[in-house]
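Have the coordinates open and follow along.

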Amino acid sequence: MPELPEVEVVRRGVAEHAVGRTVAGVEVLHPRAVRRHVPGPDDLVGRLTGRVLSAARRRGKYLWLELGGAGAAPQLSGGEALVVHLGMSGQLLVQPVGAPDEKHLRVRFRFADGGPELRFVDQRTFGGVHLAELVEVDGVALPKPVAHIAPDPLEESFDLDQVAARLRARRTGIKRALLDQTLVSGIGNIYADEALWRAKLHWARPTATLTRPKVRELFDGVVEVMQDALRAGGTSFDALYVNVNGESGYFDRSLAVYGQLDRPCRRCGAPIRRDPFMNRSSYTCPVCQPKPRNAHL
């Protein structure tokens, strides 16, 4: 599934091509794409038509488009947003009017200026769009379904000292903690493995054994790897992860450990190891990231 860098690449594209434009019409081509909008497709279409896409926002892996009228001021609460779930294969594409429909086109957004459309395409139909109320959380406007999600490491409101204290108080392995979106959002399997390699930490290292300087080093690695991925357009393992122009990212070429089983570690040359982890996999260097003695693997 897409992680923070991939979602941020999409957000930037939508901000460039769609924000500030007025929705002239919405066409729902598959009911599953709007299943989270409980009042139904007709209600979604009616409430979106005539609205301005006033901003494209993101927290962690969550993306939404704030809605307003012409000249409407931003609101911390009481407003509405179109929440976009990319799921496993969702894409937001900007396409010229009249361009052939994609095979898995689910929702089409047309604009009053007659310019390019915004299309939601989703092969596996695990994603979707729905309207949600904006609520204020610590001075930030968030869609209600996203209100419980913690700030991500690239946000101004991210408080490393607070996160470090909460992380060290837990009785779990470090990777499991990194994937907890109520502790820190946006980190998934790929970037957790990459950041842990940069910090020379094994994924099963108990959080309680981490010093504050080591936590800071770890999150420095998280920020660095995410910024590197952003510059590369994200990580694309297949044609499903693309930006709004349909282009794939190429950070997969720079991955140090994730998916690199038996390839030499870039730091020491030892073959990369793969361990089962939460129905997925964790990739580590057995030399740079030795197994902790007091962890249950």
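A quick word on handedness before we start: a crossing is called right-handed if the near helix is turned clockwise from the far one by less than a right angle, and left-handed if it is turned anticlockwise. Keep in mind, too, that this is a predicted model.

Two packed helices are described by the angle between their axes and the distance between the axes. Start with α5 (residues 189-198) and α6 (residues 212-231): their axes come within 8 Å and cross at roughly 125°. That angle makes α5 oblique to α6, and the crossing of the pair is right-handed. Now look at who touches whom. On the α5 side you'll find Y191, E194, A195, L196 and R198. Facing them from α6 are E217, L218, G221, V222, E224, V225, M226, D228 and A229. Sort the residues of this contact by class and you get 8 nonpolar, 1 polar and 5 charged.

Helix α6 has another partner in α1 (residues 4-17), with axes that come within 9 Å and cross at roughly 45°. So α1 is oblique to α6 as well, and this crossing is right-handed too. Here L4, P5, E8, V9 and R12 of α1 meet M226, A229 and L230 of α6. By class, that gives 6 nonpolar and 2 charged residues, with no polar ones. Notice that M226 and A229 turn up in the contact with α5 and again in the contact with α1.

Now for the annotations. An unreviewed UniProt entry marks H104, R124 and R170 as "binding site". These positions are spread over 67 residues of sequence, and they are spread in space as well, up to 42.6 Å between C-alpha atoms.

Take the two arginines in turn. R124 sits in the loop between β7 (117-122) and β8 (128-137). Its relative accessibility is 35%, so R124 counts as partly exposed. R170 is also in a loop, the one between α3 (160-168) and α4 (174-178). With a relative accessibility of 22%, R170 counts as partly exposed; the cut-off for buried is under 20%. Leaving aside residues up to four places away in sequence, R170 touches D180, T182, L183, T207 and A208.

Last stop: UniProt, again in an unreviewed entry, lists residues 256-290 as "domain: FPG-type". That span is 0% helix and 29% strand, and its end C-alpha atoms lie 16 Å apart.

Technical notes
Residues are numbered from 1 along each chain as its sequence is written. This is a predicted model: local features need pLDDT of at least 70, side-chain atom pairs count only at pLDDT 80 or more; totals for chains, interfaces and linings use all residues. Side-chain values use heavy atoms; hydrogens and water are left out. Axes are lines fitted to C-alpha atoms, for helices over the stretch in contact, and angles run from 0 to 180 degrees between N-to-C directions. Helices (H or I, at least four residues) and strands (E, at least two) are DSSP runs, numbered from the N terminus. Angles under 35 degrees count as roughly parallel, over 145 as roughly antiparallel, 65 to 115 as roughly perpendicular and the rest as oblique. Contact means heavy atoms within 4.5 Å. Ala, Val, Leu, Ile, Met, Phe, Trp, Tyr, Cys and Pro count as nonpolar, Asp, Glu, Lys and Arg as charged, and the others, Gly among them, as polar. UniProt positions are given in the numbering used here, feature names are shortened, and annotations may be inferred rather than shown by experiment. Buried means under 20% relative accessible area, exposed over 50%, partly exposed in between (1.4 Å probe, protein chains only).
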